[in-house]
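Hello,

Here is the structure I promised to pass on. Please open it first, then read my notes below.

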Amino acid sequence: MTVVRSTLPDEARRVSSEALQETLVDLLGLSLIGKQAHWNVVGPRFRSVHLQLDEVVSAARTHADTVAERAAALGVPPDGRPETIAKVFSLPAPAEGWLRDSEAVAVMTDALGAAVTRLRERIDATEKADLVTQDLLISITADLEKQRWMFEAENFPGES
């Protein structure tokens, strides 16, 4: 059943919807990684890292909502169910338990880097299919790259 009909041709809609769904999973997973680290971070930089983690979580959740709404606008129901995230999520995540501040920073740097790499692939994939979706992915990439830079600067000159 299609509730919303897209103005995109079927193949462009397919490419765009795949990119959006994969991005939705990454963003929801990134928000979970950020919260897990937020709750368990310890160490001398606890407060600054704790607050920075909340910034990433907020950004990931905001972007996830925008991505899901773009998919819906294309006539594709977004799937953010926990079982979907658990089944296909593949970004680096923290280990169970307390997380040293430098480890939290390292895992967020790695997770954000992996998410950005995947987003860049989707940017390329959507170039001909849908410039609106591509533009959205570019915007998200810029924000996540900024967050990654801020985390990476936390561990300079390489404490992790």
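Predicted model: local features only at pLDDT ≥ 70, side-chain atom pairs only at ≥ 80, totals over all residues.

**What I found**

Now look at helix 2 itself. It runs over residues 46-73, which is 28 residues. How far apart should its ends be? At 1.5 Å a residue, the helix should span 40 Å. The end C-alpha atoms are 41 Å apart, so the two values agree.

Next, the whole protein. It has 5 helices and 2 strands. Along the sequence, they follow the pattern α-β-α-α-β-α-α. The radius of gyration is 17 Å, close to the 15 Å that the globule rule gives for 160 residues, so the protein is as compact as a globular protein of that length. Its C-alpha atoms fill a box of roughly 55 × 30 × 20 Å along the principal axes. The accessible surface comes to about 8,700 Å², and carbon and sulfur atoms hold 55% of that.

Contacts come next. Take those between residues at least 6 apart in sequence: 81% of them join residues at least 24 apart.

What about the inside? Buried residues make up 47% of the 160 residues. In soluble globular proteins, nonpolar side chains tend to be buried together. Here, the largest nonpolar core has 38 residues. Which of them touch the most other members? They are L30, M108 and L144. Helix 4 gives the most, with 10 residues.

Zoom in on M108. Setting aside residues up to four places away in sequence, M108 touches L30, I33, G34, L53, V56 and F151.

Then find L99. It sits in strand 2 (residues 99-100). Is L99 buried or exposed? Its relative accessible area is 7%, under the 20% cut-off, so L99 is buried. Its contacts beyond four places in sequence are A37, N40, V41, V42, P94, A104 and V107. L99 and H38 are 61 residues apart along the chain, yet their C-alpha atoms are separated by 9.0 Å.

Last, the record. An unreviewed UniProt entry carries the annotation "domain: Ferritin/DPS" for residues 18-153. Over those residues, the chain is 78% helix and 3% strand. The end C-alpha atoms of that stretch are 33 Å apart.

Best wishes

Note on methods. Residues numbered from 1 in each chain as written. Heavy atoms only, no water. Helix = DSSP H or I, 4+ residues; strand = E, 2+ residues; numbered from the N terminus. Expected span 1.5 Å × (residues − 1). Core = buried A, V, L, I, M, F, W, Y, C linked by side-chain atoms within 4.5 Å. Buried < 20%, exposed > 50% of the residue type's maximum accessible area, 1.4 Å probe, protein only. Contact = heavy atoms within 4.5 Å. UniProt positions renumbered as here; feature names shortened; annotations may be inferred. Rg over C-alpha atoms; globule rule 2.2 N^0.38 Å. Areas by Shrake-Rupley, 256 points an atom, 1.4 Å probe, with all protein chains shown as cover.
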